[in-house]
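Look at the structure below together with its sequence. The paragraphs that follow lead through it chain by chain.

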Amino acid sequence: MINSIRLIFALSWRNLWRNKRRTLIILFAIILGVWAMIVTAAFMRGMVFQMLEDTVDNLAGHVQIHHPQYLDDPVIDNSFNPQSAAVSKLLQDPRIALSSTRIRLAAVIVSERESSGITMLGIDPAQESKVSFIGRSVVEGRFLDSTSDNGIVIGKALADKLQTRLGKRIVLMSQDINNEIADRGFRIVGIFDAPLDPTEKSFIFIAKDNAEKMLGLKNKASEIVLRLHNTDMVNSLVNDYAQFDKNIDVMSWLKAEPYLEMMIELMDSSMFIWYLIVFLAMAFGIINTLLMAVFERTREFGLFQALGQKPGFILFQVWLEAVLMIIVGLVIGNILSWLSVLATGDGIDVSVFARGMEMLNMSNIIPFVITFDDLIVANLTVAILGMLTGLYPAWRASRLVPAHAITRI
Amino acid sequence: MKHVVKCENITKIFEQGLIKVNALTDVNISVEAGEFICLSGPSGSGKSTLLNMIGGLDTPTSGEVYIDGDEIDTLNRSQLADMRLHKIGFVFQAYNLIPVLSAQENVEMVMQMQGIDKHTRHQRSSAILKEVGLEGLEDRKPPELSGGQQQRVAVARAIVSQPSLILADEPTANLDSNSASNLIDLMLHINKQHNTTFIISTHDPMIMQRARKLVKLHDGQITDIISQNNHV
Amino acid sequence: MRHLVIQIFSFLLLFHLAVSSQAETAAQLIRQAMDNYRGLSSYSEASMTIHRPDWERVMSMKVWTQGLDKSLVRITAPIKDKNGGSLLIGDNMWSYAPKINRVIKIPSSMSNQSWMGSDFSNNDIARADEIINNYTHTLLETKKINNRLTYIIQSVPNEDAPVVWGKEIITINDHYVLLKHEFYDQDNILIKTLTASEIKKVGDKYISLKQRMQKTDHANEWTEVVTTVVKFNVTFNKNTFTLSNLRNPR
């Protein structure tokens with residue numbers, strides 16, 4: 001038995017290299033397929049990863065605390081006391097690395113020439129600069145320096161839209177606690193740059209004290225965002241505080257960005273469809289090659305049977321050719337994918353497509369992210385389906401009637 | 001005496017579309033151990049078909065074939081393969097060898113399938129290859145051997161596991177007369193040396209002359225069985 | 001619309017001007033101008049022409065005002081806008097569109113949008129008294145124009161004032177009639193100008209019957225308001241300045 005298997009291995013391996021060109025072509029197809037699967041997965045993963053990173057960085061944090069109604073209706077009435085006993089206790093959880101308390105409301109910013117609807121963030125600069133991108137994104141002027149700083153920091157794209165610039169005054173308008181118009185002038189002390197235009201256009205930062213004064217708020221916040229020590233802690237923390245206090249709602253950033261959750265699911269399923277397409281192309285190659293090989297070697301299979309090889313061994317022999325081809329293809333394909341991902345370093349610059357990417361809410365640099373799961377899925381898809389595919393030609397070979405096979409010239 | 005091969009009323013009908021061809025009609029033949037039989041007849045007389053039936057490479061439309069007393073009709077594909085592996089050696093007209101294996105590997109292949117250990121395999125295959133006069137050519141692949149050398153390898157492979165029966169289908173058809181003569185010498189030598197039964201289908205007069213029994217076939221029927229005692 | 005539509009535009013802008021210790025004279029002038037209308041009630045009829053390079057629209061309206069913080073404007077023509085209008089009480093502004101039969105409160109997000117499609121923004125119309133403290137006024141020049149003493153005042157918004165302009169230059173005569181109001185951006189570029197003409201005495205008050213708002217960049221785009229009827233010291237029904245009156249005119 002072991003002898004036979006050894007023999008079959010030798011036969012399969014040598015037969016594989018009998019028609020080098022054909023085998024190399026199909027091997028190339030497998031390698032390309034595996035490479036395409038893994039690299040595409042890495043790219044898509046990277047895209048999602050980058051979107052997630054951007055989102056977390058883009059003010060979402062890992063966990064958000066709101067008034068229970070704030071998400072449905074982000075108005076001034078739906079704010080909560082950030083210094084309540086419950087919140088203070090929550091903030092002492094050891095899993096929390098950083099937090100930022102914000103007043104976050106819709107507002108209108110007006111310059112001499114234009115106006116624009118935006119989201120105003122009344123923040124504590126010391127907290128906020130650690131939690132979100134803003135602390136390292138001010139490219140002109142400075143970030144706010146205290147909770148009573150009289151300046152405003154706006155995005156570059158917004159400054160362009162409003163036809164204003166650093167050092168100019170703008171007027172911010174919103175609704176105060178009594179639903180009256182609240183407005184106030186601010187001087188632009190900083191301009192920030194974000195990877196995405198929409199970020200630059202939608203958010204402005206003012207000091208918390210000024211926001212409170214302008215809106216007539218005292219000891220109220222719209223949200224607290226938390227950064228945890230580790231992303232994996234998000235769900236456990238959220239679960240622990242789910243029913244914690246009826247005045248606040250604690251949730252994962254993913255819930256706050258439902259489109260992201262959808263996007264991730266969409267990517268997962270589209271990735272699988274992509275795998276199938278790549279695999280189908282590959283499978284046709286494998287079947288075709290093996291059927292041709294079987295056809296060419298019909299006499300040989302007859303001979304094998306005449307010499308006493310059982311149909312099962314013939315099946316195994318041909319199938320093994322497919323398996324060996326797939327294994328070699330997988331190994332090389334994986335190595336190549338790994339090398340190409342290494343070669344791209346931080347990621348690939350897609351700024352050529354900047355417009356499209358911004359529409360998709362993505363950055364210009366997309367890192368390749370290879371996850372263990374994707375590797376497994378890609379490799380298993382090729383291996384299992386490929387091996388199943390190889391069974392057909394192998395079965396055909398084993399069913400040949402020896403007398404007919406031998407007499408065929 | 002025990003019959004190595006016994007065929008009873010074998011009929012084989014090939015259907016080619018709507019046309020039915022009687023390749024064999026009611027053939028009866030018994031072969032005893034150590035015989036050297038030549039099946040002769042013109043092309044299409046049914047000698048190859050008969051050989052295939054005996055080797056279990058094809059099944060008769062009716063009638064029974066017994067090998068060493070076992071009715072092969074009752075065996076499945078796997079059991080048939082086993083029977084061929086252990087009891088029958090084949091030599092075909094051409095393309096006898098596995099092209100990706102060397103001469104020695106071709107010879108060892110059958111033993112490998114039988115599960116004989118590497119050392120014994122090597123010893124036996126070397127000895128046999130020497131016996132058939134291919135010493136020094138053991139590592140050559142089939143395309144690097146001449147037609148005669150290839151047929152010798154085929155014979156070596158057929159006899160190496162010492163089967164009781166060797167079936168040869170036109171073994172000399174593609175050989176020059178010198179190689180053919182050498183091959184016949186070799187087969188006769190083995191027949192004598194190992195008491196191996198040979199059934200050879202051929203229309204090579206050289207073989208017919210030297211066979212101890214000549215079975216003539218015509219239109220799928222045995223027309224004549226001639227015993228001759230004409231070899232050395 | 002602080003006053004008659006006419007005054008609306010001039011007055012409300014005047015009211016932006018406020019007391020400042022640094023510029024006593026200028027501030028006093030403005031305070032006096034405001035006092036001139038404080039406690040005054042009025043009824044007027046006017047037409048507003050919105051001019052664009054390829055079209056022009058004329059609307060007729062009636063305006064009621066009470067003091068500085070209550071006014072009601074009702075459109076009387078064209079037919080499709082008839083009975084529509086705006087109500088202003090203090091800082092708050094409501095609009096009524098008969099077509100959708102709905103009163104909406106103008107939110108802060110719309111305060112910079114155009115009022116009735118004109119070159120006036122809701123903001124221009126609805127500025128509130130509290131802005132009084134938002135400027136520093138300086139008397140730049142006093143001169144005689146058409147035999148009247150005329151003051152040219154520069155008003156610079158304070159740091160945190162909800163005013164986007166870099167400065168405003170106001171020309172006012174000794175009858176407290178606003179003749180010209182120029183709006184400059186923070187680079188001292190003139191953005192738009194309000195000009196008043198056809199000064200007339202009504203009762204013991206002087207008013208201008210014609211005002212035009214002109215954007216500097218677009219010579220072909222302007223809005224002109226012409227007052228045809230003005231009455232001062234009128235008495236109003238109690239519910240004149242109410243939402244139900246805005247919705248259901250009597």
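In chain A, residues 24 or more positions apart account for 81% of the contacts with a separation of 6 or more; two residues are in contact if their C-beta atoms, placed from the backbone, lie within 7 Å. This is a predicted model, in which local features need pLDDT of at least 70 and side-chain atom pairs count only at pLDDT 80 or more, while totals for chains, interfaces and linings use all residues. Residues are numbered from 1 along each chain as its sequence is written, and chains are lettered from A and ligands numbered from 1 in the order in which they are written.

Chain A has 409 residues, and 46% of them count as buried. A residue is buried if 20 or more other C-beta atoms lie within 10 Å of its own, exposed if 12 or fewer, and partly exposed in between, with C-beta atoms placed from the backbone. The chain holds 15 helices and 12 strands. Here helices (H or I, at least four residues) and strands (E, at least two) are DSSP runs, numbered from the N terminus.

Chain A touches both other chains described here, B and C. Towards chain B, 22 residues of chain A are in contact with 20 residues of chain B. On the chain A side, α1 (2-16), α11 (298-306), α12 (311-344) and α15 (402-407) each supply at least two residues. The helix that gives the most is α1(A), with six residues. By type, this side of chain A divides into 10 nonpolar, seven polar and five charged residues. In this count Ala, Val, Leu, Ile, Met, Phe, Trp, Tyr, Cys and Pro are nonpolar, Asp, Glu, Lys and Arg are charged, and the others, Gly among them, are polar. The contact between chains C and A takes 18 residues from chain C and 20 residues from chain A. The chain C side of that contact consists of eight nonpolar, six polar and four charged residues.

Now turn to chain B. Four of its strands form an open sheet in the order β2-β1-β4-β5, with antiparallel pairing. Two strands pair if DSSP finds at least two bridges between them. At the edges of the sheet are β2 (19-32) and β5 (70-71) of chain B, each of which pairs on one side only. Five bridges link β1 (residues 3-16) and β4 (residues 62-67) of chain B in the antiparallel sense, and B:C7 has B:V65 in β4(B) as its bridge partner.

Which strands does α1(B) lie across? The helix lies across β1, β2 and β4 of chain B, and runs at about 120° to β1(B). For such values, axes are lines fitted to C-alpha atoms, for helices over the stretch in contact, and angles run from 0 to 180 degrees between N-to-C directions. Helix α1(B) covers residues 47-55, and nine of its nine residues are buried. Among them are B:L50, B:L51, B:M53 and B:I54. Just after this helix, B:G56 takes a positive phi of about 75°.

Elsewhere in chain B, helices α3 (residues 103-114) and α5 (residues 147-160) pack with their axes 8 Å apart, at an angle of about 25°. That angle makes α3(B) roughly parallel to α5(B), because angles under 35 degrees count as roughly parallel, over 145 as roughly antiparallel, 65 to 115 as roughly perpendicular and the rest as oblique. From α3(B), the residues that make the contact are B:A103, B:N106, B:V107, B:V110 and B:M111, and from α5(B) they are B:V153, B:A156, B:R157 and B:V160. These divide into seven nonpolar, one polar and one charged.

In the loop between α5 and β7 (165-169) of chain B is B:S164. Is B:S164 partly exposed or buried? B:S164 is partly exposed, because 18 other C-beta atoms lie within 10 Å. Not counting residues up to four places away in sequence, B:S164 touches B:V4, B:A33, B:D68, B:K87, B:T196 and B:T197.

The last stop is chain C. Its strand β4 (residues 85-89) is mostly covered, with four of its five residues buried. Strand β3 (residues 70-77) of chain C runs antiparallel to β4(C) and is joined to β4(C) by five bridges; C:L72 has C:L87 as its bridge partner. With β5 (residues 92-97) of chain C, β4(C) also pairs in the antiparallel sense over five bridges, and C:L88 stands opposite C:M93. The hairpin of β4(C) and β5(C) has two residues between the strands, and C:G90 there takes a positive phi near 60°.
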